[in-house]
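Biologist: Please take a close look at one part of this model and walk me through it. Plain terms will do, with the cut-offs stated.

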Amino acid sequence: MKAVQIGGLVSFTTIDYPGKLAAVLFLVGCPLRCAYCSNPHLLTPHDGEYDPERVFEWLQSRTGKLEAVVFSGGEALMQSDAAIEYMRRVRDMGFKIGLHTNGFYPETLRRALDTIDWIGLDFKATREKYPDLTGQHIAYDNMIKTLDIWNATGKDFEVRITTDPRFITKSDLLEIAEILHTRNVANIAIQKYIPHFEDENNKTDSAAREQFFNDSALRTKIESMFKSVTWRE
Ligand code: SF4
């Protein structure tokens, strides 16, 4: 089997796995091309800058200090069995396994349900707007399948919505919240879109970016629908 391809690593974080000290591995490759992607260098599959065996040895040195390892990307599940096998090796060291995912590979996730403890799932827009935002027509339907597969496990997770005002309105946000509420999702995070300084094409004005966060009626309504709503500004 091809070795897992790792394009980045964060050695310590308190915010990427709820309540746990974690490291993050960024796996290369992603099937989407989101307009606001902050990791364009990770999208095209390549060998990766990190030797997976050396990362494995480093993780061994972190046992007892870190509690979890989060697989991010790109989209980690694009590497399919190579990613799952690596996750299993890391889990066998005693770490909890987290996954940040765009939900594009529900059947791959299904094969890894025994291995992954927690996911952060992107819900990027309404179904109509997904193709414009991500460049993929089936991304929404795949993401919903992923949501339903994971939800059925009863394990903890968070659904993240990034409020890029070019692709999401307040009414879209409420529509998404209703979909998640109907599915009994407990935890959501609403993330402010922050344009990257090098991204000249994606300028939005700050009033448009703030509109979701300074509307107290909207916040109250959404907060009434979930156990926990995190507003990431
Ligand atoms: S899913 Fe994430 S990594 Fe992939 S293109 Fe979109 S923002 Fe970038």
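Modeller: Start at G94, which follows helix α2 and has a positive phi, near 110°. The model is predicted: local features need pLDDT of at least 70 and side-chain atom pairs count only at pLDDT 80 or more, while totals for chains, interfaces and linings use all residues. Residues are numbered from 1 along each chain as its sequence is written. Helices (H or I, at least four residues) and strands (E, at least two) are DSSP runs, numbered from the N terminus.

Helix α2 covers residues 80-92, which is 13 residues. From its first C-alpha to its last it reaches 19 Å, close to the expected 18 Å; the expected span is 1.5 Å times one less than the number of residues.

The buried residues of α2 are A83, I84, Y86, M87 and V90. Buried means that 20 or more other C-beta atoms, placed from the backbone, lie within 10 Å of the residue's own; with 12 or fewer a residue is exposed, and in between it is partly exposed. Seen down the axis of α2, the buried residues fall within an arc of 165° (taken from the directions from the helix axis to the C-beta atoms), so they line one face of the helix.

That leaves what covers them. The cover includes the strands β2 (22-27), β3 (68-72) and β4 (96-101), and the helices α1 (52-61) and α3 (106-111). Contact here means C-beta atoms, placed from the backbone, within 7 Å.

For contrast, take K221, which is found in helix α8 (residues 216-223). K221 is partly exposed because 13 other C-beta atoms lie within 10 Å.

Conventions. Two residues are in contact if their C-beta atoms, placed from the backbone, lie within 7 Å.
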